[in-house]
Every structure is written in C-alpha cells, then in structure tokens.
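Here are a few friendly notes to read alongside the structure. Take them one at a time, and keep the 3D view open as you go.

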Amino acid sequence: MPTITAFASSPDRGRGQARDMRVRWALEEVGQPYDVRLVSFEAMKEPAHLALHPFGQIPTYQDGDLALFETGAIVLHIAEHHDGLLPVEPNARARAIAWMFAALNTMEPPIVELGMAMLLERDESWYEERLPMLEDRVRVRLGELSDRLGDADWLDGAFSAGDLLMVTVLRRLNRSRILHEYSSLSAYVARGEARPAFRRAFDAQLAVFTAASTS
Ligand SMILES: N[C@@H](CCC(=O)N[C@@H](CSCc1ccc([N+](=O)[O-])cc1)C(=O)NCC(=O)O)C(=O)O
C-alpha cells in the first residue's frame, strides 16, 4: 500500500489547498487505499525527509522501493498504474498528459504568483500597483482556458488526470474573486469538487487538521 506525506497541521486549515490533496484525489479516483505519514514543518527540513524530497516539501509518495516527489509525477505514476485517470487510446492519453503539464506549467505559475503576492506582499509600497498586473496575467490564461473548455464538462473528453490537476490549480484562486468572472470555469471547478473521489480526499485532508487542532 502506498504511503504519502502530508502536513501535520496545514496552514490552510485543511481546506484542500495543500498539494497532498492532488495525490489523495488521484488515489481515491482509482480506488487505491493509502497510508499517510504526517510531517511537521521542522521534520520536513531534516535529513530523513530531505532524502525523500530534495526541496524539503510535501507530498512525497512511497510504494515498495519507489520514492517519488512532485505531485505531477506522482499523479502520473498513479494514472499509469491504474485505470480511470488517463485514456487508453494513445493519442487521447498523450493529450490528457499535455493538459497535466498545461495545468502545472502554464496555468499554475501566474496563479501561484498572484496568490503569493496577496499572501506576502500586501504591506509593500508597490502592492496596489503590482496586483492588477498579476491579476491580468491570470485573466489572460483563464480566458484562453475558458474558450477552449467551451460548454464541455472536461478539457478533452472523459475526466482525466489533466482535469484533476487543472481543478486543483484553479482552486488556488480561492483568495481572489477572479475565477468568478469566468462562469464556465467556476462551474468546471464545482464539477470537479462534486466528484465523490474529491469529496473523500477533501474530507480525509480536513480530518487531519481537525484532529490536530482538537488534540
Ligand atoms: N511542485 C511541488 C510543490 C510542493 C509544495 O509546494 N509543497 C508545499 C505544500 S503544498 C503548497 C501549499 C502550502 C500551503 C497552502 N495553504 O493554503 O496554506 C497551500 C499550498 C510545502 O511543502 N511547503 C512547505 C515548504 O515549502 O517548506 C509539487 O507539486 O509537489
């Protein structure tokens, strides 16, 4: 049974933003039970964890003598070894993997940049001047994604690992009102959040925070 690592106490109070959420969701989609090893912020920077994750972060994924880091790689590994997250047909499979990269490499950077600015730069003199520029960079990508999605349920046929990662990336806009300017993308995220596998993953992550905050 695979073991993942997760925050012992997540800064977002267990609301599905920490990236173990992606791995939990993927494992729930394919019906693969898993164990969780909770790590403190201090433990993440110690040699034992750094041996698993060179950047001292979570999540990691261990299964037998395999140790992985990077949620994109972990979700791809899960999708390659179970049915349900990638199409079987080679071209459709390749396109679904392209959407995984698009989520992490095209959509996520401007969204994380905006989120980090809102979290860490509010007191800077140039914050009010910089914010609109960051928001507009996100709007460009949201507009292009919305145009491509159109009125489809998922990005390319059936729900795939590309949609799973894309929904978690778009959920990072929860501190901003921008996503609500794109009704089709808001509906797309809600569709992902309505999936039973998402709900199970979300509830499991929240349970960790609830247990930690009541202990
Ligand atoms: N590229 C890596 C990034 C992993 C990563 O960012 N891990 C973060 C947690 S998820 C990112 C995250 C953290 C907190 C919130 N939040 O809302 O509180 C949201 C997302 C981490 O370990 N941070 C601790 C550190 O770097 O020392 C991946 O996709 O796996």
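1. Let's begin with how the two parts of the protein meet: 18 residues of domain 1 are in contact with 20 residues of domain 2. Please keep in mind that this is a predicted model.

2. Now look for the ligand. The space that the ligand takes up is the largest pocket. There are 15 residues around the ligand, and Arg19, Lys45, Ile58, Glu70 and Thr71 come nearest.

3. What kinds of residues form the shell around the ligand? The shell has 6 charged residues, 5 nonpolar ones and 4 polar ones.

4. In Lys45, a side-chain N or O atom is 2.6 Å from an oxygen atom of the ligand. Ile58 uses its backbone instead: one of its backbone N or O atoms lies 2.8 Å from a nitrogen atom of the ligand. For Glu70, a polar side-chain atom lies 2.9 Å from a nitrogen atom of the ligand.

5. How much of the ligand's accessible area does the protein cover? On its own the ligand has 680 Å² of accessible area, and the protein covers 76% of that.

How values were computed: Residues numbered from 1 in each chain as written. Predicted model: local features only at pLDDT ≥ 70, side-chain atom pairs only at ≥ 80, totals over all residues. Heavy atoms only, no water. Near = heavy atom within 4 Å. Polar contact = N/O pair within 3.5 Å; in protein donor to acceptor, adjacent residues only side chain to side chain. Areas by Shrake-Rupley, 256 points an atom, 1.4 Å probe, with all protein chains shown as cover. 1 Å grid on protein atoms, 1.4 Å probe; cavity = no way out; pocket = protein on both sides within 12 Å on 5 of 7 lines; lining within 4 Å. Sits in = over half its atoms within 2 Å of the grid points. Nonpolar A, V, L, I, M, F, W, Y, C, P; charged D, E, K, R; others polar. Contact = heavy atoms within 4.5 Å.
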